[in-house]
Amino acid sequence: MRIPFRYKRADYGTYSFCKYFFYLTMKFVYSYRQFIELRKIVKGKQLTTYFQPIMNIQSGDCLGYEILNRPAPSKLFPHTDGFYEYIGTTNQVFAFEMFCHELSITRYTEALKHSSPSFAGAVVFLNVHSDVLVNPNYRNAETLHQLYRYGLKPEQIVFEITEKQKVEDFEAFEQILSYYRDQGFRIAIDDIGSGYSSLKAIISLKPEFIKLDRSLVQHIDTRPEQQHIVKMLQDVARSSGTHIIAEGIERPEELLFLQQQRIRYGQGYALGRPSNALQHQNIDDIINQMQMPPLPATGDCS
């Protein structure tokens with residue numbers, strides 16, 4: 001009969017320590033490999049830049065484009081979200097954001113050269129980590145220098161901050177945003193509705209734009225609870241002088257409902273997928289392709 005081996009207390013403690021030490025070692029090695037891969041991506045500018053249109057779903061005009069930089073999927077970074085989440089855990093956030101902004105502006109101006117002159121006045125939405133905006137090095141007119149080198153104006157730039165990035169001191173952060181507004185920049189808060197401080201962010205920071213999280217937009221035409229939240233956000237945004245951008249519009253029913261609710265701006269696959277070129281369709285053409293009847297004018301919108 002085989003007698004099972006039993007650890008003595010001391011042996012088990014040693015085994016647990018060795019197992020934990022091995023886990024930490026492998027975690028460190030994996031993180032180090034990710035860091036080396038990040039340096040390689042930055043050095044080789046191995047990010048693909050996409051432009052996704054943001055449409056005025058009432059008038060059909062194109063407000064501008066959100067610029068998206070995505071790495072190619074790899075074993076170390078299989079998904080874009082994981083790639084950016086990793087950067088947020090390092091001390092490379094500021095350096096990477098400066099690299100991304102330079103890359104975004106460079107490729108945007110290159111895309112402008114191959115586009116119609118009517119695209120020249122489009123608004124550019126740049127994703128910015130809130131920690132970067134409070135960095136004194138960033139506030140030292142660095143972004144202005146970048147823009148002027150490429151012939152762009154601050155009034156064309158919207159700093160897009162995700163609501164998932166927690167702001168501890170709204171009053172202090174609002175003062176920082178005022179500094180950028182004085183230079184001509186505008187502010188958008190992304191992912192509104194995905195966190196816990198949406199209303200406080202709108203009331204305290206008074207952004208020029210808020211972007212509704214896709215979880216609020218998808219199937220909004222059939223979900224009263226989402227409709228109620230969006231209506232509340234509309235009321236708050238209106239009192240703060242803020243425009244709403246509905247993200248993640250993918251179905252004709254969603255677009256029709258948002259138009260009826262007088263939401264002014266929209267973004268999503270139904271309106272235009274991310275592309276390497278600056279392009280957008282006329283809203284009437286989009287509606288016709290969706291086999292939807294055109295909506296009558298609705299007047300002023302949020």
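**View 1. Thr 162 stands opposite Asp 190 of strand β5.** The two strands concerned, β4 and β5, run parallel and are joined by 5 bridges, where strands are taken to pair if DSSP finds at least two bridges between them. The model is predicted, and local features need a pLDDT of at least 70, side-chain atom pairs count only at pLDDT 80 or more, and totals for chains, interfaces and linings use all residues. Residues are numbered from 1 along each chain as its sequence is written, and side-chain values use heavy atoms, with hydrogens and water left out.

**View 2. A barrel is closed by 8 strands.** The strands follow the order β1-β2-β3-β4-β5-β6-β7-β8, with mixed pairing. The secondary structure of the protein comes to 12 helices and 8 strands, these being DSSP runs numbered from the N terminus, with helices (H or I) of at least four residues and strands (E) of at least two. Of the 302 residues in the protein, 44% are buried (buried means under 20% relative accessible area, exposed over 50% and partly exposed in between, with a 1.4 Å probe and protein chains only).

**View 3. Strand β2 has partners in both β1 and β3.** Strand β2 (residues 62-71) is mostly covered, since 8 of its 10 residues are buried. With β1 (residues 47-56) the pairing is antiparallel over 9 bridges, and Tyr 50 stands opposite Leu 68 in β2. The hairpin formed by β1 and β2 has 5 residues between the strands, and Gly 60 in the turn has a positive phi of about 90°. With β3 (residues 123-127), β2 pairs in the parallel sense over 3 bridges, and Val 123 in β3 is the bridge partner of Gly 64.

**View 4. The largest pocket holds about 1,400 Å³ of space.** Of its 39 lining residues, the closest to the centre are Asp 81, Tyr 84, Asn 127, Asp 190 and Asp 191. At least two residues of the lining are supplied by each of β2, α2 (80-88), α3 (93-113), β3, β4 (157-162) and β5. On a 1 Å grid over the protein atoms alone, a pocket is an open set of points where a 1.4 Å probe fits, with protein on both sides within 12 Å along at least five of seven lines, and lining residues have an atom within 4 Å of a point. Grid points are joined across faces, edges and corners, and the volume is the space filled by probe spheres set on them.

**View 5. Helix α8 (residues 198-205) has the buried residues Ser 198, Ala 201, Ile 202 and Leu 205.** Seen down the axis of α8, these residues fall within an arc of 100°, so they line one face of the helix; the arc is that of the directions from the helix axis to the C-beta atoms. They pack against α7 (170-183), β5 (186-192), β6 (209-212) and α10 (224-240). Lys 206, which follows α8, has a positive phi near 45°.

**View 6. Ala 270 lies in the loop between β8 (265-266) and α12 (283-289).** Ala 270 counts as buried because its relative accessibility is 15%. Apart from neighbours within four places in sequence, Ala 270 is in contact (heavy atoms within 4.5 Å) with Ile 249, Glu 250, Arg 251, Ile 286 and Met 290. The C-alpha atoms of Ala 270 and Ile 287, 17 residues apart along the chain, are separated by 9.3 Å.
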